[in-house]
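Here are my notes on the model, point by point. Please read them with the structure open.

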Amino acid sequence: MTDPIADYLTRLRNAMMAKHKIVEIPASNLKKDITKILFEKGYILNYKFEDDGVQGKIKVALKYHPETKQSAIKSLRRISRPGLRQYKSKDELPRVLNGLGIAIMSTSQGVISDKEARKNNIGGEVLCYVY
C-alpha cells in the first residue's frame, strides 16, 4: 500500500456510504492520532484500539443523526499525498468551510488540527480536510 492515510479515509467514506455502524481499519500511530482528533472534534461516536500481536486494528463507531440517518462527516478529502506533499507555514494555514470543518495536520508537535496549529503558531503538512 503506497498511501495508508488515503486508505484509512476511503474505508471511513465507504462505511459511511453503506451506513455501517462500525468499521475496522489496520492500525498505525498516525492513523491512531487522526482517529483521536476525529473523536475529540465530534465527527465519530467512539473508537477502540485492538492489539492482535502483529499490526493491530482500529475499530471506529461512526456517528449518524438519529432522525435523518445522515453521517456527522459530510466529506473527507486527502490533501497531501505521496506524489505531492502540501506544507503550509503558520501564516498560510487553511480554513475549511470558513472554520466549520477542520484540517488535520502533521507538525513538529505531532498530529493536530488546524485550529490548534494556529493557536500554537506552527505550520506543517496538511494531511486531510474533514467537514
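1. Start with phenylalanine 49. This is a predicted model, and in it phenylalanine 49 has a relative accessibility of 30%. That value falls between the 20% and 50% cut-offs, so phenylalanine 49 counts as partly exposed.

2. Which residue lies over the face of phenylalanine 49? Lysine 32 does, at 5.3 Å from the ring centre.

3. Next, the aromatic pairs. The count comes to 2. In one of them, the ring centres of phenylalanine 39 and tyrosine 47 are 5.3 Å apart. Their planes stand at 75 degrees, so this pair is edge-to-face. The cut-off for that class is over 60 degrees.

4. Tyrosine 47 also pairs with phenylalanine 49. Here the centres are 5.1 Å apart and the planes are at 45 degrees, so the pair is tilted. An angle under 30 degrees would have counted as stacked.

5. Taken together, ring pairs join Phe39, Tyr47 and Phe49 into a cluster. Tyr47 takes part in the pair with Phe39 and in the pair with Phe49.

6. Buried would require under 20%.

7. Now the helix packing. Helix α1 spans residues 4-17 and helix α2 spans residues 29-40. Their axes are 10 Å apart, and the helices pack at an angle of about 40 degrees. Angles under 35 degrees count as roughly parallel; α1 and α2 are therefore oblique to each other. The crossing of α1 and α2 is right-handed.

8. Which residues make the contact between α1 and α2? From α1 come Pro4, Ile5, Tyr8 and Leu12. On the α2 side they meet Leu30, Lys31, Ile34, Thr35 and Leu38.

9. Last, asparagine 98. This residue sits in the loop between β5 (87-88) and β6 (102-107). Its relative accessible area is 67%, so asparagine 98 is exposed; the cut-off for that label is over 50%.

10. How far is asparagine 98 from isoleucine 34, C-alpha to C-alpha, and what is their spacing along the chain? The two C-alpha atoms are separated by 21 Å, and the residues are 64 apart along the chain. Ile34 is one of the α2 residues that meet α1.

Note on methods: Residues are numbered from 1 along each chain as its sequence is written. This is a predicted model: local features need pLDDT of at least 70, side-chain atom pairs count only at pLDDT 80 or more; totals for chains, interfaces and linings use all residues. Side-chain values use heavy atoms; hydrogens and water are left out. Helices (H or I, at least four residues) and strands (E, at least two) are DSSP runs, numbered from the N terminus. Buried means under 20% relative accessible area, exposed over 50%, partly exposed in between (1.4 Å probe, protein chains only). Rings of Phe, Tyr and Trp (its six-membered ring) pair if their centres lie within 6.5 Å; planes under 30 degrees apart count as stacked, over 60 as edge-to-face and the rest as tilted. A charge sits over a ring if NZ of Lys or CZ of Arg is within 6 Å of the ring centre and within 35 degrees of the ring normal. Axes are lines fitted to C-alpha atoms, for helices over the stretch in contact, and angles run from 0 to 180 degrees between N-to-C directions. Angles under 35 degrees count as roughly parallel, over 145 as roughly antiparallel, 65 to 115 as roughly perpendicular and the rest as oblique. A crossing is left-handed if the near helix is turned anticlockwise from the far one by less than a right angle, and right-handed if clockwise. Contact means heavy atoms within 4.5 Å.
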